[in-house]
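Reader: I have just opened this entry and would like a guided look at it. Could you begin with one residue and widen the view from there?

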Amino acid sequence: MYCTTCGAQNPSSANYCYKDGTALQKEKISFAYTKNKKTFCPHCGHSLLGDYVYCPSCGTSLFQVHVGKSRKIDFKDERVENAPKQTNRSFSISSLLDLCKGLHWKQVLLAVATSFIVLFLLSAITVKVVMSSWEDSPLFRTTNYTKEFVAYLEDLVDINIEKPDRVITIDDFVIWTHTVKPVMKVNFTYSWFDKQVGEVHGSFENGFIYLLVIPFVALLAGGILLGKTLRANVSRLAGHLFAFSFLYAAVLAILSVFAGFSYHIDLDHRDISASVHAVVKYPFWATLLKGFLVAFLFAGIGILISKGYKRAVHEVKQSVRYGDVIYSGWAWLLRGIGLLFVLFLPFAFVGLSHQVSDEWKWLAGGSVLSKLFDAACMAMQLAVWIWGILHLGVVHLHRSGFHDHQSITYSLFSDLNMESSGSTDLYNNVYDFLHHIGFFETEIYIQLLILLPIAIFLYMGYNIRRKYTMAWKPLLVFAALYSIGLVVICQFSKVGVSYFVSMNGETEAEFSMSIFLEPLSLLVKCFIFSLLFTYAGAWLQQFSRKQRGMK
């Protein structure tokens with residue numbers, strides 16, 4: 001027989017599971033009632049009627065109850081070794097099939113379908129409302145390079161050439177929302193008296209964290225639906241969440257195969273011949289991995305919400321050791337970023353409304369709704385980066401050219417630092433931009449925001465010490481999970497673009513630019529920072545307890 005709690009197989013004679021002690025055979029007690037058939041009382045001899053339950057003279061009970069118990073099995077001599085080894089079963093194909101059979105696939109498929117419906121609906125609305133004002137954005141200029149090259153050929157040969165359709169479609173946008181990096185490649189052969197063969201490779205690292213809001217809402221809806229329809233405990237929902245995440249990631253990876261862009265043209269006109277083959281595609285395995293991680297995290301939040309806050313925390317605590325600490329670590333991380341987003345949103349909207357710079361004019365254009373979306377995008381990106389800086393992280397802005405390498409770093413309590421092997425135009429441009437938006441005048445207020453994570457850590461340390469006698473382990477768990485979560489979110493926010501051009505096998509041009517928070521130093525600093533102040537909060541709780549005891 002199998003244990004109803006952990007699924008371990010036990011001998012048929014076992015009363016309790018050998019692995020977790022769950023009762024397997026409950027003792028059965030049967031009751032049999034015999035009506036009175038006597039004429040006289042057996043105790044005093046008083047005359048009785050057939051429906052008497054007690055003797056009216058002496059009160060003797062006249063009915064009989066027969067209790068029968070099931071045979072109690074003593075398995076003191078039973079050997080635990082006789083039970084099959086769980087490790088062999090857990091890695092077998094049959095056990096995997098048994099696990100799959102135990103899942104409610106209809107509810108899982110319904111939740112996945114709901115998530116994709118919401119995902120495509122939100123993506124279509126976003127593309128319709130916002131993308132019209134983004135035609136001149138750097139993102140579109142990067143992806144529409146093929147149109148520019150075709151226009152160049154048209155001017156060169158003075159004929160009309162069929163231009164490619166819109167490069168960016170809704171399926172591309174859906175893939176982008178999961179921060180998957182598109183890989184662009186152009187092969188061209190150009191001959192005009194002297195034959196030249198060229199090749200262009202490029203990639204755009206889409207780390208715009210705000211795009212994750214769209215799959216967040218979609219997967220949140222799917223997770224809530226899954227939690228509501230199953231009504232199981234958190235431990236059982238974990239298997240369904242894994243299946244949900246895998247199916248969602250598989251569909252997204254299949255979609256990435258059909259997404260992208262392909263354009264091919266052959267031109268032979270007078271003394272000029274040219275062949276262009278442009279491709280934009282998405283890596284299948286990267287899409288599968290990122291889709292699984294995003295689905296597991298966001299749908300898991302939806303499942304917890306469907307259970308209710310108190311019940312979810314209770315079930316997580318019962319299912320996982322220090323489950324309440326793990327839950328609080330992720331929850332406070334998201335709350336802190338959300339609070340900064342709310343603070344930055346009105347400033348970003350006002351700043352975009354007054355933006356007149358030619359380079360950023362595409363942001364200031366469009367309707368009020370488009371400006372609000374752009375402001376929300378900028379506020380979310382800044383919220384993640386500033387939250388990382390508040391945990392002593394270092395922002396890197398790196399630009400590398402064919403013969404030029406420049407790097408700018410910034411942290412909370414240090415000025416802009418530059419390393420360059422050539423010109424200093426990047427530093428000058430960044431400094432002028434920050435001065436234009438008034439960053440240096442408001443830097444002191446950003447530095448004061450460090451009190452926000454300090455207050456969170458003190459509060460968590462105080463609560464952990466109140467719940468746990470030995471607070472070191474839960475403090476370490478909280479600091480580790482919080483630091484890892486912050487690094488993961490900051491890595492998703494990395495933005496970059498790179499390309500290189502080669503002619504006849506020789507590199508003609510090379511360029512790369514990225515902005516990111518250095519992950520290793522952020523992990524170490526955030527861990528020490530959070531552990532230090534959570535320990536201070538635990539000490540404050542212990543100190544206040546001693547003070548109350550003295551009184």
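This is a predicted model: local features need pLDDT of at least 70, side-chain atom pairs count only at pLDDT 80 or more; totals for chains, interfaces and linings use all residues.

Author: Let us begin with serine 115, which is found in helix H3 (residues 105-130). Helices here are DSSP runs of H or I with at least four residues, strands are runs of E with at least two, and both are numbered from the N terminus.

Reader: Is serine 115 buried or exposed?

Author: Serine 115 is buried, and its relative accessible area is 0%. Buried means under 20% relative accessible area, exposed means over 50%, and partly exposed lies in between, with a 1.4 Å probe and protein chains only.

Reader: Which residues is serine 115 in contact with?

Author: Apart from neighbours within four places in sequence, serine 115 is in contact with Ala218, Leu219, Gly222, Phe244 and Tyr248. Contact means heavy atoms within 4.5 Å.

Reader: Now the strands, please. Why is S8 described as largely enclosed by the rest of the structure?

Author: Strand S8 covers residues 405-410, and five of its six residues are buried, so the strand is largely enclosed by the rest of the structure.

Reader: How many bridges join S7 to S8?

Author: Six bridges join S7 to S8, and the two run antiparallel. Strands pair if DSSP finds at least two bridges between them. Histidine 398 stands opposite serine 407 in S8.

Reader: And what joins S8 to S9?

Author: A hairpin through six residues joins S8 to S9. Strand S9 (residues 417-420) runs antiparallel to S8, with four bridges between them. Serine 420 in S9 is the bridge partner of glutamine 406.

Reader: Where does leucine 392 lie?

Author: Leucine 392 lies in the loop between helix H13 (368-390) and strand S7 (395-400). Its phi is near 70°, a positive value in a residue other than glycine. Leucine 392 is partly exposed, with a relative accessible area of 30%.

Reader: Finally, how many helices and strands are there in the protein?

Author: The protein has 18 helices and eleven strands. Of its 551 residues, 41% count as buried.

How values were computed:
Residues are numbered from 1 along each chain as its sequence is written. Side-chain values use heavy atoms; hydrogens and water are left out.
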